[in-house]
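Please have the sequence and the fold in view as you read.

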Amino acid sequence: MKKTTTSDLALTSHTELASAVDTAWGAVGQSFDQFCLIAGVAALSEMLEDDVNALAGDAHARSADKPGYRWGRTKGRVGFHGGKVALERPRVRSKSTGRELPLPSWQEAAEGGWLEEWAMSLMLMNVATRKFGRAVRLPEAGISAAAGSGLSKSAVSRRFKALTEARLAEWMASDLSQLDLLVIQIDGLHMDENLLMIGAVGVDADGGKHPLGVVEGATENAATVQALLDNLIERGLDPEICRLFIVDGAKALTKAIRRTFGADIPIQRCQVHKARNITDRIDPKLHAAVRRTLRQAWETDDAIKAERLLRNLARRLELEAPGVSKSILEGLDEILTVTRLGLPLELRRSLASTNIIESMNAVIRQVCRNVKRWRDAQMALRWTAAGMIEAAKGFRRLKACKQLPILKAALEKHRNPETGAPVDPMAEAA
């Protein structure tokens, strides 16, 4: 049997509510939360009375020009301050059909999605569902947070699930054709041993950053990445336009990107990952010298000289760390892609690593830290998408955004070397 509970405001009339507001204001020093609730409910009651007057005219008055007539009062629940409160509301019936006419204020309050927004906002800030009631209702306020008020952990969880599912579906179907994307970063995030999320972030011609999509998989394989790329293309990403892709070095990412966008598509492997992989495998006494050589290679404007520096470093490490020596030479072309495109140093620093998507992944980990067990992939997708949307709120424009026209010209020249005009960095930057 359903358990029904009502708060003290359920049977309160409009006149009594006005008196309650005055009383609550007198005791505002004791409970400001209670005053806000009563004042808010009183304001809603005032709006409902205005709706009734507009539909049926004044009480006890004949209003032939109105479409409805008053039909008593009923009890209902409305979302307020993260939970629900019971309220007595008036009813109006249509003169022509006899059916009840909706009150705009009540519909807005009941269907506004405020409870879902409260749940999503607080859960993204790592408020546990079992503590949600304490987060939105002060214990000393005297406002009901018992069963039926919508503050139980199961009710909060249902609201969060409903809103994140809607947001995920809307986001994964959004149109990408209007975004002038120059750069796309792709990386994976392990949720547990058997669950991986592959996400993509794009940078447009103005330097704006946009979360593009996410798919689930067991490993970072080519099929999983292909599913993400197919989704992006279905939503309007033109595969004929040359863009710069930035990855962490996984061969599956490179394979899927080249298969989808062409064998000549420029791919930049993350230099930060590369440097970390090298230094983690060599004697600590060699770290300083190796880092110095790598930094010199990353910052030189001449791709041929940079490649020579890396090959010399690999040769020096052949005896002490032969495996590391091979690692330096592996993927050498993709390590220096931004240098070969002729980009200025400041822009290369912004685009030579996966820092943008790594920063977003850090926000996702923060958002998901209260999740103890992933029930299924759909749950992980919802949380990951919510984290990506949350991270987007803190995105800033690319540091070297004023130099992005240089990248755009370099990409056009890369795809069409015969027709592409020479890139003048000084002119483009100006």
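Buried means under 20% relative accessible area, exposed over 50%, and partly exposed in between, with a 1.4 Å probe and protein chains only. This is a predicted model, where local features need pLDDT of at least 70, side-chain atom pairs count only at pLDDT 80 or more, and totals for chains, interfaces and linings use all residues. Residues are numbered from 1 along each chain as its sequence is written, and side-chain values use heavy atoms, leaving out hydrogens and water.

- Ser121 lies in helix H4; helices (H or I, at least four residues) and strands (E, at least two) are DSSP runs, numbered from the N terminus.
- With a relative accessible area of 38%, Ser121 is partly exposed.
- Between Ser121 and Phe160 there are 9.0 Å in space, C-alpha to C-alpha, and 39 residues in sequence.
- Lys131 sits in the loop between helix H4 (114–124) and helix H5 (132–136).
- Lys131 counts as partly exposed because its relative accessible area is 41%.

**Strand S6 and its neighbours**
- Strand S6 (residues 244–247) is covered on both faces, with Leu244 and Ile246 buried on one side and Phe245 and Val247 buried on the other.
- S6 pairs in the parallel sense with strand S3 (residues 181–192) over three bridges; pairing requires that DSSP finds at least two bridges between two strands.
- Opposite Ile246 of S6 stands Gln185.
- S6 also runs parallel to strand S7 (residues 267–269), joined by three bridges.
- Phe245 has Ile267 in S7 as its bridge partner.
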